[in-house]
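The following account leads from the overall architecture of a protein chain to some of its individual residues. Please keep the sequence and the structure in view while reading.

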Amino acid sequence: MKLLSLSYERFRNLEPVSFEPSPHATIAVGENGQGKTNLLEGLYLLATLKPLRANRLSELIRFGSPSAKVTGRFLINGAEREISVEIIPGGRTAFVDGKRAGSLDAYFGGVSVVAFTPDDLSVVKGGPDGRRAFLDRSVFNVQPAYLDESREYARALKNRNKLLKDHAPMSHLQAWDATLAKLGAKLWVRRRALMTALVERARASFQRIGRSPLEAQWHYEPAHLGEGIDFSAASEAELTERMLERLDARLTRDVERGFTSVGPHADDVEITLGDKPARAFASQGQCRALVLAWKVAEIENLQQANGFLPLLLLDDVSSELDPERNAFLMGYLADSGAQTLLTTTDAALVQRAAGADTKWFRVRAGTLTEEFRSASSTG
Ligand SMILES: Nc1ncnc2c1ncn2[C@@H]1O[C@H](COP(=O)(O)OP(=O)(O)OP(=O)(O)O)[C@@H](O)[C@H]1O
Ligand SMILES: [Mg+2]
């Protein structure tokens, strides 16, 4: 898969633009607040239909405009395809070759992206919601159906929580439980499969990056699952059954607190370093190496699953990494041969990822200007 061209219309502060990225590294350099992240955000939206950082898709629409649109031309399995996504205040529409996409599979077929942002770097020390979102992005990348499934789950959960808050009759509440348990078990199984595929790779890449004698470990297990069930081996039907039981067992407590306390939305990923929780004990540099290791594992896993590398988006992460880890990352990008879009405020930091076919752009007040420079120049 290669991204051949990309265009933006009324997207954030970006002036309408169309450009052809390099088959390898494309680097956008600019001062703060000029639109570098917006560029990556547009591509991320196109490839995932999810926002990279916005809370609402409508935030992506240029101030004062009715809609925004991002379009990309891709080469997938030897054929060219144009995909685009249009956002209006109430929603989004996806198109494949100019026609409304019939299904998500038709839309995503063959496009995948791994983004790495400064926000990711705080995931180890932050709250469980950040780790869940982080995990879910990885799941979604290999299982696009997860997007709809997790939305359905969130909707069912919201309904049940509303009934809890309103002190609705038990029978009304329990009417939701079967739906919630079925969807919840599905998400558990998807997350479990992702962990199985990724954890060993992440441990190994941590050894390569970490320069640490400590072993890293990632562990995911649903909270409040109760005794007598082996999460690693349970079937989806068993997990549905179990979630239903737990919803029931925790009902009085949930009614008191006004929210549902069991299910995928309440889980966490446990990250340990040398058997100690990384959240409490790992240094900042170690945390960043843990995140980097996870991303590298994700890239390798996608490459194996799809037979090609995902598109990589790196938003100004070099300034957040120490020089050696940054050198590892830049060397990794250059060696991987992946198509990469990087942003930076300081070209010198990403120089090692650049090669002869790197395209450099300057981002200034939402405009993009290609700059020609020799592979060895910096600044
Ligand atoms: N919906 C919008 N419409 C117009 N402009 C917007 C919109 N949303 C954000 N902006 C503007 O986009 C600019 C920020 O762009 P962006 O976050 O891409 O900057 P950046 O180059 O990544 O900066 P930094 O280096 O600080 O991360 C800000 O000036 C902001 O006001
Ligand atoms: Mg930015």
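Two residues are said to be in contact if their C-beta atoms, placed from the backbone, lie within 7 Å. By that criterion, 15 residues of domain 1 are in contact with 15 residues of domain 2 in this predicted model. Domain 1 is made of residues 1-112 and 310-379, while domain 2 covers residues 124-306. Their C-alpha centres lie 28 Å apart. On the side of domain 1 that touches domain 2, the elements giving two or more residues are α2 (104-108) and α10 (323-336). Of these, α10 gives the most, with four residues.

Taken as a whole, the protein chain contains eleven helices and 15 strands. Its C-alpha trace spans about 70 × 55 × 40 Å along the principal axes. A compact globule of 379 residues would have a radius of gyration near 21 Å, and the value for this chain, 22 Å, agrees with that. Buried residues account for 41% of the chain. Among contacts with a separation of 6 or more, 68% are between residues 24 or more positions apart.

The interior may be considered next. In soluble globular proteins, nonpolar side chains tend to be buried together. Here the largest nonpolar core has 83 residues, and those with the most contacts inside it are Leu-43, Tyr-44, Leu-290, Ala-293 and Leu-313. Helix α9 (residues 284-306) supplies the largest share of this core, eleven residues. Both domain 1 and domain 2 contribute to the core, with at least three residues from each. Leaving aside neighbours within four places in sequence, Ala-293 is in contact with Ala-202, Ser-205, Phe-206, Ile-209, Gly-210 and Ala-216. Another core, of 17 residues, lies apart from the largest one and includes Ala-156, Leu-163, Trp-188 and Leu-247.

Ala-216, one of the contacts of Ala-293, also belongs to strand β9 (residues 216-220). In a regular strand the side chains alternate between the two faces of the sheet. The covered face of β9 consists of Ala-216, Trp-218 and Tyr-220, whereas Gln-217 and His-219 form the uncovered one. Strand β9 runs antiparallel to strand β10 (residues 269-273), to which five bridges join it. Within this pairing, Trp-218 stands opposite Ile-271 in β10.

A further sheet deserves attention. This open sheet has six strands in the order β2-β1-β4-β5-β6-β7, with antiparallel pairing. β2 (17-19) and β7 (99-100) stand at the edges with a single partner strand each, so one side of each is left without a neighbour in the sheet. Between strand β5 (residues 79-88) and strand β6 (residues 91-96) there are six bridges, and Ile-87 stands opposite Arg-92 in β6. Helix α1 (residues 36-48) lies across β1 (2-9), β4 (68-76) and β5, at about 65 degrees to β4.

Finally, the loop between β2 and β3 (25-29) holds Pro-21. Is Pro-21 buried or exposed? Pro-21 has 22 other C-beta atoms within 10 Å, and a residue is counted as buried at 20 or more; Pro-21 is therefore buried. Not counting residues up to four places away in sequence, Pro-21 touches Leu-3, Leu-6, Thr-26, Leu-341 and Lys-359. The C-alpha atoms of Pro-21 and Ile-76, which are 55 residues apart along the chain, are separated by 16 Å.

Technical notes: Residues are numbered from 1 along each chain as its sequence is written. Chains are lettered from A and ligands numbered from 1 in the order in which they are written. This is a predicted model: local features need pLDDT of at least 70, side-chain atom pairs count only at pLDDT 80 or more; totals for chains, interfaces and linings use all residues. The radius of gyration is taken over C-alpha atoms; the globule rule is 2.2 Å times the number of residues to the power 0.38. A residue is buried if 20 or more other C-beta atoms lie within 10 Å of its own, exposed if 12 or fewer, and partly exposed in between; C-beta atoms are placed from the backbone. A nonpolar core is a set of buried Ala, Val, Leu, Ile, Met, Phe, Trp, Tyr and Cys residues joined through C-beta atoms within 7 Å. Domain bounds come from an automatic or database domain assignment. Two strands pair if DSSP finds at least two bridges between them. Axes are lines fitted to C-alpha atoms, for helices over the stretch in contact, and angles run from 0 to 180 degrees between N-to-C directions.
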